[in-house]
Amino acid sequence: MKIICIGRNYTEHIKELENEKPTDPVIFLKPDTAILINKQPFFIPDFSNDVHYEVEILVKINKVGKHIDKKFAHKYYNEIGLGIDFTARDLQNKLKEKGLPWEKAKAFDGAAVIGNWMPVSEIKEVNNINFSLHKNDELVQTGNTSHMLWKIDELIEYISKYFTLKIGDIIFTGTPAGVGKVFANDKLKGFIENTQIFSITVK
Ligand code: ZN
């Protein structure tokens, strides 16, 4: 399986990092070794002094597809999740400056938190999902999928022009504003609406 991540998909987050608004979705990949399952501890890697949390809605692909039209994209997933795209921001900024790929800053072991999955049938409207991240029981990030620059079905259309989507592939759909640094002993809890989807301790 592969993990396909979308960058810069919420206007307020683009502003906070002083990035340009993209004309096409920004895409990068994480390997399966980056996966951190709900309730496992996250270890801050020794090559970074500034690891940030980014809470994101996840989509799990359940059918093989290539060149998927957005009209049919909803047939290619039946579970929605929530996760964290951990980012070594200091390293990412260095790589960005040099025009180098981001993988070392985004695709390291443990950098893809994957929480529990919810069937799409339990979600009223895929383009109107409220989600949030609490750090040590303080609300640090809130988002709603209606604020995505590219909605889930549009992302599937765009991604599948470049990559064949396979059963079990996971899409990280981008983070809203409010990203920030993690410290040892932080507890991160993610919610879709009022349902807790993951709980991670930082070590
Ligand atoms: Zn992200």
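Which residue forms a salt bridge with Lys 189? The views below come from a predicted model, and the first one answers.

**View 1. Lys 189 and Asp 137 form a salt bridge.** The closest N and O atoms are 3.6 Å apart. This pair links distant parts of the chain. Lys 189 sits in strand 13, and Asp 137 sits in the loop between strand 9 and strand 10 (138-144). They are 52 residues apart. Lys 189 is partly exposed, at 22% relative accessible area. Asp 137 is exposed, at 63%.

**View 2. Asp 186 forms a salt bridge with Lys 135.** Here the closest N and O atoms are 3.3 Å apart. Asp 186 lies in the loop between strand 12 (180-181) and strand 13 (187-192), and Lys 135 lies in strand 9 (residues 130-135), so the pair ties together parts 51 residues apart in sequence. Asp 186 is buried, with a relative accessible area of 5%. Lys 135 also counts as buried, at 15%.

View 3. Glu 54 is in the loop between strand 4 (51-53) and strand 5 (55-61). Asp 85 is in strand 6 (residues 77-85), 31 residues from Glu 54. Both Glu 54 and Asp 85 are buried.

**View 4. Asp 85 also meets Lys 106 in a salt bridge.** The N to O distance is 2.8 Å. Lys 106 belongs to helix 3 (residues 103-106), 21 residues from Asp 85. Both Asp 85 and Lys 106 are buried. The whole structure has nine salt bridges.

How values were computed
Residues are numbered from 1 along each chain as its sequence is written. This is a predicted model: local features need pLDDT of at least 70, side-chain atom pairs count only at pLDDT 80 or more; totals for chains, interfaces and linings use all residues. Side-chain values use heavy atoms; hydrogens and water are left out. Helices (H or I, at least four residues) and strands (E, at least two) are DSSP runs, numbered from the N terminus. Buried means under 20% relative accessible area, exposed over 50%, partly exposed in between (1.4 Å probe, protein chains only). A salt bridge is a side-chain nitrogen of Lys or Arg within 4 Å of a carboxyl oxygen of Asp or Glu.
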